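Have the model open while you read.

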Amino acid sequence: MASDREDFSLCGPSHLTTVDWTNEDHQRCVAACLVQGIYIVERDRQLKREGSEALAPSWWGNFNFKLIRHLKDDADFSIFGGIYEFKPLEIDSSSTVDSVVPRYVIAFRGTLTKPDSISRDIELDIHIIRNGLHRTSRFEIAMQAVRSMVDSVGASSLWITGHSMGAAMALLAGKTMAKTGMYVKSLLFNPPFVSPPIERIANERVRHGIRFAGSLITAGLALSRTLKQTQQQQVRLQNSSQDPLEALSSWLPDIHVNPGDHLCSEFIGFFEHRGNMEQIGYGAGIVERMAMQHSLGGLLMDAMGVNNAVEVEEPVHVIPSAKLIVNRTNAEDYKEAHGLHQWWRNDQDLVSNVYLYK
């Protein structure tokens, strides 16, 4: 039996009868619904709901999108993403509207706790925790789809979006494209931030102290590893064209988080702490920039020799600039705080801040 949250007529944004593409709230609602469509199309597949029984099409059809391609995992053949094409009933000739409407959207779902997909999804979740998402075949499929669409229609005509694990995938894909100078609009819902939930600590001074100490330790380990690198590695680093954070600084993804969701709430502290470190002074700013580019867990494993055979990758969540949208509405529990449905509701207390890399 279908859950009420799978049925657009029962759970969807009934208030959104007409989409104003210049309205960022409308953009957020539509993007969240397109991600929900990927969750439901996989549930339709698992439960063999076809034709008039399928629940997924309403999640994109109500906004004049068409799902033109499924993205399937090569291990369990589950649908983890999809490519949508915008098919408006009427063409708006306004140049302002035309410049913000996406011609195509690539959406990625998160973990589905259902027997047909949970094993593979949890395997991917573990890769995220271990900073290894970039080495998975699912991400390779996703990245190939994003690159192909950018090559064929251009970055300005494409949006990428995702929820939870899917948001991590969209974030990594967006970062990868941004490093090549291609900036794709990205709307990310509850992306995981792999870190202890420091943001849940009530005392602000304690939170700041823990983050400050963490930055010093991480920067120190990063410096130690740099000093131990071979001469060949150091030459390669010296010949790199620019600071990797600077290369990404012009990309401004929309990151949606809820303080009650311990998987993503640390994004709040991440950007606030960076601002605090810059205010302390130049030296502290350098320490924080060095710490930002490394994972403390990865550096510790590297120091113990665990990662000798594998190049340590920067954490997925490390981005220099972002528009952070925080849902300050009190959530009853973690499930509600992490849920996708909050992002298409119109009764939420949302606060947004733009953080630019200096």
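Phe108 has Gly162 as its bridge partner in strand 4. Strand 3 and strand 4 (residues 158-163) run parallel, paired over 5 bridges; strands count as paired if DSSP finds at least two bridges between them. This is a predicted model, where local features need pLDDT of at least 70, side-chain atom pairs need 80 or more, and totals for chains, interfaces and linings use all residues. Numbering starts from 1 along each chain as its sequence is written, and side-chain values use heavy atoms, leaving out hydrogens and water.

**Strands**
- Strands here are DSSP runs (E, at least two residues), numbered from the N terminus.
- Ile83 finds its strand 3 bridge partner in Ile106.

**Burial**
- Strand 3 is mostly covered, with 5 of its 5 residues buried (under 20% relative accessible area, 1.4 Å probe, protein chains only).
- Tyr104, Ile106 and Phe108 point one way from strand 3, while Val105 and Ala107 point the other way.

**Rings**
- The structure has 15 aromatic pairs, meaning Phe, Tyr or Trp rings (six-membered ring for Trp) with centres within 6.5 Å.
- Phe80 and Phe108 count as stacked (planes under 30 degrees apart), because their ring centres are 6.2 Å apart and their planes at 10°.
- That pair links distant parts of the chain: Phe80 in strand 2 (residues 79-86) and Phe108 in strand 3 (residues 104-108) are 28 residues apart.
- Both Phe80 and Phe108 are buried.
- Ring pairs also tie Trp21, Trp60, Phe65, Tyr84, Phe86 and Trp159 into a cluster.

How values were computed. Phe/Tyr/Trp six-rings, centres within 6.5 Å; stacked < 30°, edge-to-face > 60°. Helix = DSSP H or I, 4+ residues; strand = E, 2+ residues; numbered from the N terminus. Buried < 20%, exposed > 50% of the residue type's maximum accessible area, 1.4 Å probe, protein only.
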